[in-house]
Amino acid sequence: MAGAASHSEAGDGAQLLLTLANDREGFDQTRLAVLRHLAPHGASQQLLFKVELILEETLMNVIWHAFPDDEVHPITMSVQVEPDDIVMHFEDDGLAFDPLLAPAPKLPTSIEKAVPGGLGLMLVRKYARSVAYERNAGRNCLTVRVART
């Protein structure tokens, strides 16, 4: 599974189901599959930006931080196109992490004091209509809704 992303479309094609390995190659394939899936649904450039940012921040946090071992772990996700929202659901068997409980980052007071990283969760919360998390049967389950308008 390393580097692989598999997908299938359910029902009328409005839902995309994906499984990827916890590595960067799996992310790149997944990102492209999500963009292809959204293309026929009239997603604006602004919506695609939000979806891509949320996808990258969420999956890269899981890939980089959720697994204390060097084993391959599957990450499953779905993208559901609804009339008002794009709904992304992520599941993994990594370390428990509720992004809603993470403290807001301290913003730098000047450009000289700014360092890369650390703002991803804040951006996910900013661009999402809603974020919900639960730990279920040893799995992190995160659902992010992004308004289509």
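Reader: Which helix holds both R24 and D28?

Author: Happy to start there; this is a predicted model, in which local features need pLDDT of at least 70, side-chain atom pairs count only at pLDDT 80 or more, and totals for chains, interfaces and linings use all residues. Residues are numbered from 1 along each chain as its sequence is written, and side-chain values use heavy atoms, leaving out hydrogens and water. R24 and D28 sit four residues apart, about one turn of the helix. Helices here are DSSP runs of H or I with at least four residues, strands are runs of E with at least two, and both are numbered from the N terminus; the one you want is α1 (residues 24-38).

Reader: How far apart are the closest N and O atoms of R24 and D28?

Author: The two form a salt bridge, meaning a side-chain nitrogen of Lys or Arg within 4 Å of a carboxyl oxygen of Asp or Glu. The closest N and O atoms are separated by 3.5 Å.

Reader: Is D85, which forms a salt bridge with R145, buried or exposed?

Author: D85 and R145 have their closest N and O atoms 3.1 Å apart. This pair links distant parts of the chain, with D85 in strand β4 and R145 in strand β6, 60 residues apart. Buried means under 20% relative accessible area, exposed over 50% and partly exposed in between (1.4 Å probe, protein chains only). Because its relative accessible area is 5%, D85 is buried.

Reader: Which residue in β6 is the bridge partner of E91?

Author: Strand β4 (residues 85-92) and strand β6 (residues 139-147) run antiparallel and are joined by eight bridges; two strands pair if DSSP finds at least two bridges between them. The side chain of E91 also meets that of R139 in a salt bridge of 3.1 Å, N to O. As for the bridge partner of E91 in β6, that is C141.

Reader: Which residue in the turn between β5 and β6 has a positive phi?

Author: Strand β5 (residues 130-136) runs antiparallel to β6, with seven bridges between them. The two strands form a hairpin with two residues between them. Most residues other than glycine have a negative phi. The residue with a positive phi of about 55°, although not a glycine, is A137.

Reader: What is the relative accessibility of A137?

Author: A137 lies in the loop between β5 and β6. The residue counts as exposed because its relative accessibility is 75%.
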